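Let's take a friendly walk through a protein chain. Have a look at the picture and keep it open while you read.

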Amino acid sequence: MVSDRLQAWVRARFGPSEVEALLDLLTDLVPFPGGTAESAERVQAAVVFLSDGDSRRLLDAVALAQQDWRDVLVAAGLADDDWADQLNSVLGSTSPGRLRQ
């Protein structure tokens, strides 16, 4: 699942031919069993932010997140208590919104 706001961010930064495959990768990226939609969005956003619109860098960030999701949060600046504010400042809306399944 990928939130609407994160999908929009991805669609604005990657080529149309890449978007669906990248969203599928993000959908399969689960930070830990029993995680919430918010925790999934946080890790997915960290991966996307680290990519800076480059699909190769996104794949590297996915690999890092799969190894230890906490490392990707630290690298993207989303490990601190203000992570929700950081997401909202970049993605907008305070709600993760409808999720892509």
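What follows is a short tour, from the overall layout to a few contacts and surface spots.

## The overall layout

First things first: this is a predicted model. The chain has six helices and two strands. If you start at the N terminus and walk along, the elements come in the order β-α-α-α-α-α-α-β. The chain has 101 residues, and 39% of them count as buried.

## An aromatic pair

How many aromatic pairs does a search of the whole structure find? There is one aromatic pair. The partners are tryptophan 9 and phenylalanine 49, with ring centres 5.0 Å apart and planes at 65 degrees, so the pair is edge-to-face. The cut-off behind that label is an angle of over 60 degrees between the planes.

Where do the two partners sit? Tryptophan 9 belongs to helix 1 (residues 4-13) and phenylalanine 49 to helix 3 (residues 37-51), so their contact ties together parts that are 40 residues apart in sequence. Is tryptophan 9 buried or exposed? With a relative accessible area of 16%, tryptophan 9 is buried, because anything under 20% gets that label. Tryptophan 9 also has a C-alpha atom 9.3 Å from that of alanine 45, a residue 36 positions away along the chain.

## Salt bridges

The count of salt bridges comes to three. Let's begin with arginine 5 and glutamate 41, whose closest N and O atoms are 2.8 Å apart. Arginine 5 is in helix 1 and glutamate 41 is in helix 3, so this pair ties together parts that are 36 residues apart in sequence. Both ends are tucked away: arginine 5 counts as buried at 11% relative accessibility, and glutamate 41 is buried too, with a relative accessible area of 2%.

Another salt bridge joins the side chains of glutamate 20 and arginine 11, at 3.1 Å from N to O.

## A patch of negative charge

Now for the surface. Which residues gather in a patch of negative charge there? They are Asp80, Asp81, Asp82 and Asp85.

Let's zoom in on one of them. Aspartate 82 is in the loop between helix 5 (69-76) and helix 6 (83-91). Its relative accessibility is 32%, so aspartate 82 counts as partly exposed.

## A loop residue with a positive phi

Aspartate 52 is worth a quick stop. Though not a glycine, aspartate 52 has a positive phi of about 55 degrees. You'll find aspartate 52 in the loop between helix 3 and helix 4 (55-67). Is aspartate 52 buried or exposed? Aspartate 52 is exposed, with a relative accessible area of 61%; the cut-off for that label is over 50%.

## One more spot in helix 3

Last stop: alanine 37, which lies in helix 3. This residue is partly exposed, at a relative accessible area of 34%. How many residues lie between alanine 37 and serine 3 in sequence terms, and how far apart are they in space? Alanine 37 and serine 3 are 34 residues apart in sequence, and their C-alpha atoms are 8.3 Å apart.

Key: Residues are numbered from 1 along each chain as its sequence is written. This is a predicted model: local features need pLDDT of at least 70, side-chain atom pairs count only at pLDDT 80 or more; totals for chains, interfaces and linings use all residues. Side-chain values use heavy atoms; hydrogens and water are left out. Patches are made of residues with over 30% relative accessible area and no salt bridge: like charges are joined within 9 Å, nonpolar side chains (Val, Leu, Ile, Met, Phe, Trp, Tyr) within 5 Å. Accessible areas come from the Shrake-Rupley method with a 1.4 Å probe; for residues, only the protein chains shown count as cover. A salt bridge is a side-chain nitrogen of Lys or Arg within 4 Å of a carboxyl oxygen of Asp or Glu. Lys and Arg count as positive and Asp and Glu as negative; His and the chain ends are not counted. The place of a charge is taken as NZ of Lys, CZ of Arg, CG of Asp or CD of Glu. Helices (H or I, at least four residues) and strands (E, at least two) are DSSP runs, numbered from the N terminus. Buried means under 20% relative accessible area, exposed over 50%, partly exposed in between (1.4 Å probe, protein chains only). Rings of Phe, Tyr and Trp (its six-membered ring) pair if their centres lie within 6.5 Å; planes under 30 degrees apart count as stacked, over 60 as edge-to-face and the rest as tilted.
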